[in-house]
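Reader: Hi, I'm new to this one. Walk me through it, please.

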Amino acid sequence: MENYIVSARKYRPTTFGSVVGQETLTRTLKNAIASDKLAHAYLFCGPRGVGKTTCARIFAKTINCTSPTPDGEACNSCESCLSFNEQRSYNILELDAASNNSVDDIRTLIEQVRIPPQIGKYKVFIIDEVHMLSTAAFNAFLKTLEEPPKHVIFILATTEKHKIIPTILSRCQIYDFQRMTIEGTVKQLRFVADSEGITAEDEALAVIARKSDGGMRDALSMFDQIAAFSGGNITYKETVKNLNILDSDCYFEITDAFLKGDVPTSLLILNDIIRRGFDAQYFVSGLSEHLRNLLVSKDAVTLPLLEASKETTRKYGEQAARCSNEFLYSALELANKCDLNYRTSNNKRLLVELTLIQISQLNEKKKSDNDDTEPQLKSIARETAETARTDTGGEAQTNRTAPTPATTDGIETPNPRVALLQKQTVTIKRKYSEKRDTSSRTDGHATISIRKREEQQPEETADTEQEPDIATPFTEEELHAAWIEYTATIPKETILVNTMKMCLPKTAEDYRLEVTVSNADQLKRLNDRKAEIAAFLKSRLANTRISINISESEATERQRIFSPRDKLEYMVGKNPGITNLCKDFGLELT
């Protein structure tokens with residue numbers, strides 16, 4: 001049975017022309033060989049799997065070729081090329097600096113430098129992962145690297161250029177290798193698939209190219225893995241499943257929900273993604289990338305920034321045509337804030353859900369701004385019944401059918417009372433914020449403008465001004481859970497969050513909450529947020545009778561600290577003879 005060779009080794013380039021994605025560097029090296037202007041030391045740096053060691057081997061092979069081709073490639077027929085291809089060349093030596101990084105290893109290398117080549121003109125030393133050399137080894141290598149014999153060329157390769165000392169960098173010609181483009185990676189994968197007789201969809205190859213992050217070796221390794229998994233028929237669905245990648249269709253679907261303002265659908269999509277084992281932050285990062293791709297797809301000038309297959313590009317174009325620039329800008333900002341605050345949030349899932357709700361209501365907010373009306377939070381609950389009003393004897397009768405609560409994993413659908421309280425919550429917050437703004441301003445013009453705005457607002461009906469009387473019972477555990485849940489909405493106010501976690505409320509008569517703090521600063525911070533906290537608890541616990549009373553605990557008497565003078569007077573009170581003792585010996589307090 002023939003030994004199997006992985007694609008990364010089997011299709012490793014052997015000529016400059018077969019190197020993918022490094023055309024500028026290979027052209028420079030070929031011109032240097034053709035003009036016989038070779039440096040004594042080269043440094044190849046760049047990400048993993050982009051061809052640094054491969055180019056070093058091709059370069060070493062070509063400069064020792066006795067009869068190169070007209071286009072500057074090795075002939076593969078002379079003795080030097082044959083010995084290199086058969087891995088028996090003594091002119092090209094490779095050293096792994098990760099395992100040979102001591103001073104003794106460098107001294108051994110320096111001794112080999114003195115031996116001239118047997119065949120060809122140059123003896124080439126390829127030192128891979130050169131950044132792993134110790135500082136002492138670097139210093140021992142400096143003199144030889146600066147002035148090697150005429151027949152020696154050093155090629156250093158590294159993935160971490162910043163770890164190499166400046167004295168080494170100054171002695172080398174530096175070549176920075178670039179990451180592979182998605183288009184170039186897909187083209188090479190298609191070549192390998194055709195050569196191996198494997199059928200592969202373009203969408204699947206594009207997914208592999210994006211997952212490889214610009215590394216051809218990684219792309220070929222994933223290609224072999226999926227080819228074995230799919231039995232030689234690589235499809236998009238099997239690729240996504242095997243690589244554990246979140247399907248892009250999820251992002252297209254949730255964006256459609258955003259455009260429709262469909263909050264429940266967006267939350268259900270998130271729940272399904274989390275249930276499948278994906279991290280919520282991974283979803284947020286992918287959503288940000290999707291919104292960015294939609295933004296660059298709106299203009300033909302920025303379309304080249306979108307690295308995707310033709311089919312995916314078409315999908316982006318169709319969805320981008322239905323998105324306004326204002327929506328994409330705001331959605332990107334909200335997704336980016338969610339990504340930044342994710343690690344510090346105590347309730348990470350709630351943070352992501354709030355972000356999805358805000359993005360879903362961007363278009364609704366725009367409509368309300370155009371109508372000069374105050375934006376209201378939409379109810380998340382799906383209404384399953386309509387309110388029917390029938391006039392009987394001048395009295396209005398309201399028949400309301402309670403909707404069946406729709407629950408998902410970790411998502412609780414509010415009942416109608418909570419939906420009604422959400423509107424009251426926004427009203428309370430608006431009034432409280434205007435009160436704070438008015439009290440904090442000293443400019444008379446600002447006060448007049450607020451007063452005019454209040455005069456211009458139409459009088460609200462009794463249904464909206466009067467708060468409904470709802471007294472749903474709740475346990476102290478439910479109260480504490482809602483109290484802590486509010487802190488997740490203010491993650492940046494660390495002092496207030498810690499205060500609320502330490503000072504949990506206690507229930508008194510008629511749903512009055514007693515909160516006791518230990519100092520005046522905590523008292524002030526809680527009082528500043530008192531109205532907002534009360535509104536949140538009313539909505540969360542479905543109880544409009546909730547009120548909060550915050551008080552400072554009685555200060556405990558501090559233990560007195562005695563000075564040396566106090567101690568002396570106390571001792572004199574116990575034994576007056578101590579005074580004479582101090583006079584006789586001339587003792588003084590220090």
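Reader: Let's start with helix 9 and helix 10. Is their crossing left-handed or right-handed?
Author: The crossing of helix 9 and helix 10 is right-handed, a label for the near helix being turned clockwise from the far one by less than a right angle. Helices here are DSSP runs (H or I, at least four residues) numbered from the N terminus.
Author: This is a predicted model, where local features need pLDDT of at least 70, side-chain atom pairs count only at pLDDT 80 or more, and totals for chains, interfaces and linings use all residues. Residues are numbered from 1 along each chain as its sequence is written, and side-chain values use heavy atoms, leaving out hydrogens and water.

Reader: At what angle do helix 9 and helix 10 cross?
Author: Roughly 135°, and the axes of helix 9 and helix 10 (residues 216–230) come within 8 Å. Axes are lines fitted to C-alpha atoms over the stretch in contact, with angles from 0 to 180 degrees between N-to-C directions. Helix 9 and helix 10 are therefore oblique to each other (under 35 degrees is roughly parallel, over 145 roughly antiparallel, 65 to 115 roughly perpendicular, the rest oblique).

Reader: OK, and which residues make that contact?
Author: On helix 9 they are Leu205, Ile208, Lys211 and Ser212, and on helix 10 they are Asp218, Ala219, Met222, Phe223 and Ile226. Contact means heavy atoms within 4.5 Å.

Reader: How do the residues between helix 9 and helix 10 divide?
Author: Six are nonpolar, one is polar and two are charged. Nonpolar covers Ala, Val, Leu, Ile, Met, Phe, Trp, Tyr, Cys and Pro, charged is Asp, Glu, Lys and Arg, and polar is the others, including Gly.

Reader: Moving on, how do helix 8 and helix 10 cross?
Author: Their axes come within 11 Å and cross at roughly 40°, which makes helix 8 oblique to helix 10. Helix 8 also passes helix 10 in a right-handed crossing.

Reader: Who's touching whom there?
Author: Gly184, Thr185, Gln188, Leu189, Val192 and Ala193 of helix 8 meet Met216, Ala219, Leu220 and Phe223 of helix 10. That contact divides into seven nonpolar residues, three polar and no charged.

Reader: New topic: at what angle do helix 12 and helix 14 pack?
Author: About 75°, with the axes of helix 12 and helix 14 10 Å apart. Helix 12 and helix 14 are therefore roughly perpendicular to each other.

Reader: And which residues are in that contact?
Author: Helix 12 brings Tyr251, Phe252, Ile254, Thr255 and Phe258, while helix 14 brings Tyr282, Phe283, Gly286, Leu287, His290 and Leu294.

Reader: How many of those are nonpolar, polar or charged?
Author: In the contact of helix 12 with helix 14, eight are nonpolar, three are polar and no residue is charged.

Conventions: Helices (H or I, at least four residues) and strands (E, at least two) are DSSP runs, numbered from the N terminus.
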